[in-house]
Amino acid sequence: MSAAPDNLNPRRQLSPLPCDSDSLRQSIRDALVRVVGKDPDLATPRDWLHAVAFAIRERIIERRVVTRRQFAEEDVKRVFYLSMEYLMGRMLEANLRNMGILEATQEALSKLGVDFREIARLEEDAALGNGGLGRLAACILESMATQGYPGYGYGIRYEFGMFQQHIEHCRQVEHPDNWLRYGNPWEFPRPEKIFPVHFYGYVVEHHEKNGENCYAWEDGEEVIAMAYDFPTAGYERRNVNNLRLWAAKPTRDFDLRYFNEGDYIRAVADKNESETISMVLYPNDATAIGKELRLKQEYFFVSASLQDILDRHLKLGYELTRLADKVAIQLNDTHPAIAVAELVRLLVDQHRLPWGQAWEITRNVFAYTNHTLMPEALETWPVALMERVLPRHMLIIYHINHEFLEEVRHHFPGEHDLLERLSIIDEGHGRRVRMAHLAVVGSHRINGVAALHTNLLKETLFADFYRVWPERFINVTNGVTPRLWMIQANPPLTGLIDSRIGTDWKYDLDRLKQFIPYASDEATRAAFREVKRQNKERLAGLVKRRTGIEIRPDVMYDVQIKRIHEYKRQLLKLLHVIELYQRIRDGEEVLPRVVLFAGKAAPGYQRAKNIIEVINQVADIVNNDPHIGDRLKCVFFPNYEVSSAAIIIPAADLSQQISTAGFEASGTGNMKLALNGALTIGTLDGANIEIRDAVDEENIFIFGMTAREVAEHRAAGAPPSSHLDSHPRLRSIIGALQSGFFANGGRVLHAQLATYLLEEDPFFVLADYAAYSEASNRVDQLYLDPEAWSEAALLNIARMSYFSIDRTVREYAEHVWKVLPEPVQARCPPPES
């Protein structure tokens, strides 16, 4: 019996909730009483925050239902994005803006006597990621919804996200990020959506009557993956896609036998061990236990996600043989690469597809995005660990590797070294599984994330794979969402652009090019400087609250905000701070500026943590030296996250993108800063090259060695100390570190960093210093001319349209996923007249 149409079937009827301010006011008050359970007279600001979230969530989920139904009716192909990280940030304002009801909600709260800004500041950042990788994943999900693509995200619902960074005695100290302490009103627990995930045990081989071998994975341990849905609304589109996060649950909460015997700890041991899997983002993998937990995390979310994808595919009435026609799965970096072996296992062992057919489906379903050129950053797992934790997958990987190497051997006979380099199993370093190799072999498309990065993948890291399959490699340059990084983060700049070219650019960033002529308009340049000053005053207030340091809003704001890593070269900028300090002490006129560092070091990365400590100790001397005054301030801004980035980026004048050429895959901070009118000083690395091409050479400050020159310099083997005389102050700068001039209570750490630079310097800080200092002088000269600086900044803004995440997603959709947008037309009903 066929289902009745929606307008006749009461189970399928939806009456969209109105979105005018009076209706929202009533919904918020109702949610406060009926969901939060509070009397409005006694409600705290956090109670009101949750009441607003619940009221808005009702409207989001309505659109999610409509979106899901339309996708089913249109028989669409779906995209599934697998990522270990999602740096979502705060969702309240983003959801309200994307739903088109921000102003109406603010008005509704005003009528209730509630300050919207006060409650918005209480929301926890959903820090389920670290830096650019997680933020890119969040941007891609938002863009897929905005453009109407049928997209879904999968990840882990970490109980504790990226750690809270405190600075204590100049050192980074990690504290748990308990982002769920007050609950998450945006999520929908799905206790009915659970899947078993298996670890350990052993594999039994059986022989079928038809001659096929089949395998049973027996014994071991099992945990349950439970789904939590996180709807993602598109910007002023009706599409709402879904991010599904998995939490680990035990197969049983406690052992009653141990409990009755009084052994209460042992009674809940299984529960605690199971839940550890989704407890913490990136456990410290410096220990064997940490490595094993990291591997279990990756397999846990991949297995649950693939089981869910297959379950949905079959419930929609499709055959598994059509999986590649209806499903595209994107691997965001190497972390989810075990998905290749897991999909084969599910298709062969559970659904009984022949190996050849399962492998063909797998290759046609997966695509792989690489985010790093550093071999040490590409995950490898000891074969012994894999055989113990995932024994069935190790057999599958052996099979995949054997067939792949046979294919290569036939196409390239006699090239035994090639087989060794291409093998998924690295036999030369203690037998390890190369997960990036597994991802490449199991994917039909492999992409880099900037033009230079993709070329270097083809020439270096994956050169042998490119030789075998040149047609699989493409470039898709990263982008950023203007909805967060301009419209939400920088309302004064958004208003200025609106006043000149209208509002259509918000829906199509290519229209930002219409702003180019206004760069030469004196009134627009003056208005831009006022916008920048407003943003600096806002940042100065945040810096004062967070660090106690007072900074002026009428000087250059020079920022380096990114994960702390040697190749990103925070040390290079620190040496320049010391140079500026010495020049002021020597009586030179130096352009006044605030230098702001922000970023976290991985807990196990000691050198990066040492760099943070030295930055803070240098800052302590600089900021308190009466000879310096307010001509130079150095700030290390602690606990950098999405919400603070949205305040720092609009205020920045100068964007430090100074990584060693050939090491940064793309970068997205460079795009966010340029889009907000900061000029870039940077190397020809990552997307800096494409930014230079977009904004023109005269509107960016490029310096230093190219990637090819870096390789040549490394091959030449010149000692780092040979560069000391390349700049008149470099020897004095290094000497200040060696002597412990800036040290607080001991010079050892500073002297160690100086020795590291003089004797090792693997990222060529000293080799590039003279060029960097000269480029910085060019920056200062331009900044002394406010009209010329403002014109260059406005041209940066107007010419950054290529770096929209919407362009990135369209390229994935066209060249990788082969999907079409399906915009949903349902709307909030208009206010009654």
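The largest cavity in this predicted model has a volume of about 160 Å³. Here a cavity is a set of points on a 1 Å grid over the protein atoms alone where a 1.4 Å probe fits but cannot get out, and lining residues have an atom within 4 Å of a point. Grid points are joined across faces, edges and corners, and the volume is the space filled by probe spheres set on the points. Of the 17 residues lining the largest cavity, E123, E124, G183, N184 and P185 are the closest to its centre. Helix α2 (residues 45-74) gives the largest share of that lining, with four residues. By type, the lining splits into 10 nonpolar, four polar and three charged residues.

In the whole structure, the search turns up four cavities of 30 Å³ or more.

Six strands line up in the order β21-β20-β19-β22-β23-β24, forming an open sheet with parallel pairing. Its edge strands, β21 (632-637) and β24 (701-702), each pair on one side only. Strands pair if DSSP finds at least two bridges between them; helices (H or I, at least four residues) and strands (E, at least two) are DSSP runs, numbered from the N terminus. Two bridges join the parallel strands β19 (residues 556-561) and β22 (residues 654-657), with D558 opposite L654 in β22.

Helix α33 (residues 805-817) spans only 16 Å between its end C-alpha atoms, whereas a straight helix of 13 residues would span 18 Å at 1.5 Å a residue (the expected span is 1.5 Å times one less than the number of residues). Because 10 of its 13 residues are buried, α33 is largely enclosed by the rest of the structure; buried means under 20% relative accessible area (1.4 Å probe, protein chains only). Among them are R807, Y812 and W817. At the N-terminal end, S804 caps α33, with a side-chain oxygen 3.1 Å from the backbone nitrogen of D806. After α33 comes K818, with a positive phi near 60 degrees.

Residues are numbered from 1 along each chain as its sequence is written, and side-chain values use heavy atoms, with hydrogens and water left out. As the model is predicted, local features need pLDDT of at least 70 and side-chain atom pairs count only at pLDDT 80 or more, while totals for chains, interfaces and linings use all residues.

How values were computed: 1 Å grid on protein atoms, 1.4 Å probe; cavity = no way out; pocket = protein on both sides within 12 Å on 5 of 7 lines; lining within 4 Å. Nonpolar A, V, L, I, M, F, W, Y, C, P; charged D, E, K, R; others polar. Buried < 20%, exposed > 50% of the residue type's maximum accessible area, 1.4 Å probe, protein only. Polar contact = N/O pair within 3.5 Å; in protein donor to acceptor, adjacent residues only side chain to side chain.
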